[in-house]
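Dear colleague,

I am handing over a structure for you to look at, with the sequence beside it. Please have both open while you read the notes that follow.

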Amino acid sequence: MPLGQKTLLAAGMLSTVAILGGCSDEDDKVLGPVDSEAEEDLNTWIWALDDETGTLWVHDADTGDLEATFDGESHPMMRQAFAGPDAEPTVWMGREGSAYAYTRGFHPHGDHAHMEIPEALGTIATGPGNVHQGVDEDGDHVCYANDEDGSFTLIDVEARTARTVHHGSGHSAAFHSHGLLVATDMHNKWARVIDADADTVIHEVAIDTLAHGDAFHHDSKSLFIATLNGFEVLDVEGGTLGTMIPYPIAGRVNFLYHSGDGPVALGLHRAEGDTDKIILLDMAARTAEALAVDGASLAWNISGGNFALSEDGKMVVATDLELPRAYAICIDAENATCYRAVLPVTVPASDMACALNYSGDHIWVMEKSTGTVSCYHPDEGELHNTWAVDAAADYIFATSLPPGSEVIKDYSSPEEGQP
């Protein structure tokens with residue numbers, strides 16, 4: 001989200017809303033869209049990864065059928081990133097000097113899209129020790145920060161060509177926007193703005209230590225960087241710092257996630273011991289607040305797969321480390337009746353990997369010991385279906401389309417020259 005993994009591409013509006021039970025009629029809470037047809041097709045691919053062998057399995061979420069198997073590696077702190085091009089959106093992963101690209105399994109054609117079996121697009125060499133990954137807001141480039149030599153690998157996603165940019169660090173962010181790269185150093189107090197074409201540092205500013213995790217606010221063209229004591233605010237084009245936003249509670253954020261064009265980014269709270277909080281960063285208002293998830297024990301990073309953000313950036317799912325429970329959380333600040341609503345969903349086990357579709361109206365959880373996958377409607381806690389991936393899988397994620405998209409699910413490419 002990287003990633004950080006903030007790099008999920010595209011935006012979308014929740015099409016309809018569901019009433020969150022337990023609230024008064026005068027102050028209803030709504031959480032995510034409701035299906036107009038209870039048993040409509042999910043039109044979603046579920047991807048499952050074995051971290052040990054690098055095997056990636058892709059299943060049809062409606063049937064559970066295994067439709068594709070790939071080789072691929074994903075750094076457990078970064079996971080996947082979504083990118084363009086618009087005509088054939090892609091999934092990217094990277095680890096140990098390589099980047100892996102796949103089609104997302106959908107071929108858009110204006111007013112409709114074909115759901116097709118995802119394909120591997122090949123492997124691209126990066127610099128050594130690639131960890132953080134980022135995607136620019138247009139989805140045109142994927143960037144990897146290479147820890148071992150402090151370089152960056154910038155990949156054109158359509159041409160699938162790579163070039164090297166320097167001036168990074170031993171553990172840097174991988175943010176890129178319109179030819180500008182931002183580098184940080186987790187153990188030194190600086191951030192750099194780099195002209196990627198000229199491979200030259202054009203700005204350098206002093207920031208707090210432990211920089212790790214970032215999110216970009218499109219309207220202000222500002223990068224929010226999680227550090228030891230709060231969020232630094234960097235004007236990317238001007239290379240100047242705004243006022244730091246302090247954390248609202250003790251602890252810090254080690255991973256910051258954002259998707260779509262909304263103002264809210266989500267920080268996973270790292271504290272001494274277990275946490276029942278997540279941090280909501282409003283990048284427009286430049287404020288941060290701690291949202292309590294009553295009774296929860298939440299992970300502070302995504303290595304165990306216990307957290308997912310919907311591609312439109314409006315819904316979150318997190319699974320409890322101790323209880324058989326998942327929490328669907330609305331972070332759509334533009335929807336006052338939904339924002340901050342937390343809906344617990346009873347699931348088969350604790351410490352489950354999880355995934356969301358594009359708008360977050362369905363969640364998937366996976367038992368790590370068996371590979372059993374269960375899909376739920378979070379608004380009602382209703383089980384939609386159950387099937388299984390390989391028991392060796394450690395992590396899952398989903399690819400799907402925005403609500404209202406007409407999907408032709410024929411697993412075949414259109415005839416040449418046909419829409």
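**Notes on the strands, pockets and loops**

In the hairpin that β3 and β4 make, four residues lie between the strands, and G54 has a positive phi near 75 degrees. Strands here are DSSP runs (E, at least two residues), and helices are DSSP runs too (H or I, at least four residues), numbered from the N terminus. Before going further, please note that this is a predicted model, in which local features need pLDDT of at least 70 and side-chain atom pairs count only at pLDDT 80 or more, while totals for chains, interfaces and linings use all residues. Residues are numbered from 1 along each chain as its sequence is written, and side-chain values use heavy atoms, with hydrogens and water left out.

As for the chain overall, the secondary structure comes to zero helices and 38 strands. Of its 419 residues, 59% count as buried, where buried means under 20% relative accessible area, exposed means over 50%, and partly exposed lies in between (1.4 Å probe, protein chains only). The accessible surface of the protein chain is about 15500 Å², and 46% of that belongs to carbon and sulfur atoms; such areas come from the Shrake-Rupley method with a 1.4 Å probe, and for residues only the protein chains shown count as cover.

**Strand β4 and its partners**

Strand β3 (residues 45-50) pairs with β4 in the antiparallel sense over six bridges, and W47 stands opposite V58 in β4. Two strands are said to pair if DSSP finds at least two bridges between them. On to the next partner: β4 and strand β5 (residues 66-71) run antiparallel and are joined by five bridges, with H59 standing opposite L66 in β5. These two strands, β4 and β5, also form a hairpin, with five residues between them, and G64 in the turn has a positive phi of about 80 degrees.

Is β4 (residues 55-60) mostly covered or mostly open? Strand β4 is mostly covered, as six of its six residues are buried. In a regular strand the side chains alternate between the two faces of the sheet. In β4, T55, W57 and H59 point one way while L56, V58 and D60 point the other way, and all of them are buried.

**An open sheet of four strands**

Further along, four strands form an open sheet in the order β6-β7-β8-β11, with antiparallel pairing. Its edge strands are β6 (81-83) and β11 (120-125), each of which pairs on one side only. Strand β6 pairs with strand β7 (residues 90-95) in the antiparallel sense over three bridges, and F82 stands opposite V91 in β7. The loop between β6 and β7 holds P85, and the peptide bond from G84 to P85 is cis, with omega near 0 degrees.

**A pocket and a cavity**

On a 1 Å grid over the protein atoms alone, a cavity is a set of points where a 1.4 Å probe fits but cannot get out, whereas a pocket is an open set with protein on both sides within 12 Å along at least five of seven lines; lining residues have an atom within 4 Å of a point. Grid points are joined across faces, edges and corners, and a volume is the space filled by probe spheres set on the points.

The second largest pocket holds about 320 Å³ of space. Its lining has 22 residues, and D86, P89, P108, L401 and P402 lie nearest the centre. Strands β9 (106-109) and β10 (112-115) are the elements that give two or more residues to this lining.

The second largest cavity holds about 60 Å³ of space, and its lining residues include L268, K277, F307 and T319. Here β27 (277-282) and β30 (315-319) are the elements that give two or more residues.

Which residues other than glycine have a positive phi? One of them is H178, at about 50 degrees, which sits in the loop between β16 (175-177) and β17 (180-184) and is exposed, with a relative accessible area of 57%. Another is R340, with phi near 75 degrees, in the loop between β31 (325-330) and β32; R340 counts as partly exposed because its relative accessible area is 37%.

Finally, D351 lies in the loop between β32 (342-346) and β33 (353-356), and D351 is partly exposed at 30% relative accessibility.

With best wishes
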